[in-house]
Amino acid sequence: MSEGEGRSVSPEERQMWTTWVRERAVGALPPEKLLPDRQPAYVSSWIYVFGVATIAALVVVIASGVILGLKGPEWWHVTAIGRFFNGIHLWAVELFFFAMVVHLWGKFFMGAWRGGRGRTWVTGAIVFLVAIGAAFTGYLSQQNFDSQWIASEGKDGLNSVGIGSFFNVVDFGQMYTFHVILLPLAVVALVVWHVLLVRRHGVVPPYPAKAPMPAAPSPPPQATPSEGGAP
Amino acid sequence: MESPVPMVLGALFDLSHPARYLHWHFFQMSVANVVVILLMIAVFVAAILIPFPKRRRET
């Protein structure tokens, strides 16, 4: 018998995979770490706001995208309310990338990979790359001359690096599926993983203050002729 | 009745023309992208310099 989360776990339960997953999850992220009440004093700066601003923009992107997907291209091109939601989707994406880039700059200059936070940094970098793909396929899903032009230009670029046969940007069905299902799922999953890693390892502390300059060394003792010094 | 807002905005920000570009040696970028990048730098610097409001101490 052992204690787990305030109750005993029998040997039979110990062999269950749900017990194993639960104990690992709670061990890695106990509730007070998952939803903390306090943060270190150095977090009290505007530069720490841009991560959550990115997530807030992502929520608006997904919500407006769901509505656009439900209503269809004619709605978002022709009706006033459809154009409004089209604009909401576009400007939320602009804010998403704006906040994400400022967040990236802030974390780069903080050296946010320090102290065992390498995976946090890498998941953030991968989200950035996947989000660029999601935005690109969004351009291709507009259903207008813009998307046709971008598809024909993008196809040349992707063919030149040898992935045109896997990622056919002039195939609307393929690009639309990437845009509304595959890439959003990847972005959301990576963002969740990224945030859980931040919760687990905490926010990176600032670089330590520079040590004070050492005192000037005392002058060497006067050499005497017996030591081979200058006469 | 159509809202006058789009007409007014359209008069202020006439986008019915090809994008304007800055071009200097190898560097070529649309003015819109340059503006966004400058804005990001300005926001980044402001976020570092502007003090974050402190919560009042509970008495």
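These legends accompany several close-up views of a predicted model.

View 1. Let's start with the overall layout of chain A, which holds nine helices and two strands. Of its 231 residues, 19% count as buried.

View 2. Where the two domains touch, domain 1 of chain A brings eleven residues to the contact and domain 2 of chain A brings nine.

**View 3. The side of domain 1 of chain A that touches domain 2 of chain A.** Now we look at one side of that contact, to see which elements build it. Helix H4 (50-71), helix H5 (73-78) and helix H6 (80-110) of chain A are the elements that each give two or more residues to this side. The largest share comes from H4(A), with five residues. Sorted by class, this side of domain 1 of chain A has eight nonpolar and three polar residues, and no charged ones.

**View 4. Helix H7 of chain A against helix H9 of chain A.** This view turns to a pair of helices: H7 (residues 118-140) and H9 (residues 172-201) of chain A. Their axes lie 9 Å apart, and the helices pack at an angle of about 160 degrees. Because angles over 145 degrees count as roughly antiparallel, H7(A) is roughly antiparallel to H9(A). If you trace how H7(A) passes H9(A), you will find a left-handed crossing. The residues of the contact between H7(A) and H9(A) comprise 17 nonpolar, nine polar and one charged.

**View 5. The contact between chain A and chain B.** Finally, we move from the contacts within chain A to the one between the chains. Eight residues of chain A and eight residues of chain B take part in this contact. On the side of chain B that touches chain A, seven residues are nonpolar and one is charged, while none is polar.

Methods
Residues numbered from 1 in each chain as written. Chains lettered and ligands numbered in written order. Predicted model: local features only at pLDDT ≥ 70, side-chain atom pairs only at ≥ 80, totals over all residues. Contact = placed C-beta atoms within 7 Å. Nonpolar A, V, L, I, M, F, W, Y, C, P; charged D, E, K, R; others polar. Helix = DSSP H or I, 4+ residues; strand = E, 2+ residues; numbered from the N terminus. Axes fitted to C-alpha atoms, helices over the stretch in contact; angles between N-to-C directions. Parallel < 35°, antiparallel > 145°, perpendicular 65-115°, else oblique. Left-handed = near helix turned anticlockwise from the far one by under 90°. Buried ≥ 20, exposed ≤ 12 C-beta atoms within 10 Å, placed from the backbone.
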